[in-house]
Amino acid sequence: MRDDELLTVADVTARLKLGRSTVYDLIRSRRLPSITVGRCRRIPARALSDHITHEMEAAA
């Protein structure tokens with residue numbers, strides 16, 4: 001995964017093994033940064049990596 005890659009919500013759900021509504025909840029609560037391109041929501045791969053790192057540190 002490249003740091004400059006933009007992921008779809010479906011990509012994120014597959015990578016995190018979470019439901020679509022859970023991913024949108026993460027976006028809505030600003031725990032997972034995203035951007036809107038046209039009418040589509042995109043998550044920078046770097047933001048997903050940072051989110052995973054943060055959650056792992058919080059769990060430790």
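This note goes through the sheet, the nonpolar core, the surface patch, the salt bridges and the backbone of a predicted model.

1. Three strands make up an open sheet whose order is 1-3-2, with antiparallel pairing. Its edges are strand 1 and strand 2, each of which pairs on one side only. Strand 1, residues 6-7, is joined to strand 3, residues 40-44, through two bridges in the antiparallel sense, and within this pairing Leu 6 faces Pro 44 of strand 3. Between strand 2 and strand 3, which also run antiparallel, there are three bridges, and here Thr 36 is the residue that stands opposite Arg 41 of strand 3.

2. The nonpolar core. The largest nonpolar core comprises 11 residues, among them Leu 7, Val 9, Val 23, Ile 27, Ile 43 and Leu 48. Helix 1 (9-16), helix 2 (20-28) and helix 3 (45-59) are the elements that contribute two or more residues to this core. In soluble globular proteins, nonpolar side chains tend to be buried together.

3. The surface patch. Leu 6, Ile 35 and Val 37 together form a nonpolar patch on the surface, with about 230 Å² of accessible area between them. Leu 6 belongs to strand 1, and its relative accessible area of 41% falls between the limits of 20% and 50%, so Leu 6 is classed as partly exposed.

4. Salt bridges within helices. The model holds three salt bridges. In one of them Asp 25 pairs with Arg 28, with the closest N and O atoms 2.6 Å apart; both residues lie in helix 2, three residues apart, which is about one turn of the helix. Asp 25 is partly exposed at a relative accessible area of 42%, whereas Arg 28 counts as exposed at 60%. In another, Arg 46 pairs with Asp 50, and the closest N and O atoms are 3.8 Å apart; these two residues lie in helix 3, four residues apart, again about one turn of the helix. Arg 46 is partly exposed at 44% relative accessible area, and Asp 50 is likewise partly exposed at 40%.

5. Glu 55 forms a salt bridge with Arg 31, the closest N and O atoms being 3.7 Å apart. This pair links Glu 55 in helix 3 to Arg 31 in the loop between helix 2 and strand 2, the two being 24 residues apart. Glu 55 is partly exposed, with a relative accessible area of 32%, and Arg 31 is also partly exposed, at 48%.

6. Positive phi outside glycine. Two residues deserve a look in the backbone. Lys 17 is not a glycine, yet has a positive phi of about 60°; Lys 17 lies in the loop between helix 1 and helix 2 and is exposed, with 74% relative accessibility. Arg 30, again not a glycine, has a positive phi of about 65°; Arg 30 is placed in the loop between helix 2 and strand 2 (35-37) and is exposed, with a relative accessible area of 76%.

Definitions and conventions
Residues numbered from 1 in each chain as written. Predicted model: local features only at pLDDT ≥ 70, side-chain atom pairs only at ≥ 80, totals over all residues. Heavy atoms only, no water. Core = buried A, V, L, I, M, F, W, Y, C linked by side-chain atoms within 4.5 Å. Buried < 20%, exposed > 50% of the residue type's maximum accessible area, 1.4 Å probe, protein only. Pairing = 2+ DSSP bridges. Patch = residues over 30% accessible without salt bridge, like charges linked within 9 Å, V, L, I, M, F, W, Y side chains within 5 Å. Areas by Shrake-Rupley, 256 points an atom, 1.4 Å probe, with all protein chains shown as cover. Salt bridge = Lys/Arg side-chain N within 4 Å of Asp/Glu carboxyl O.
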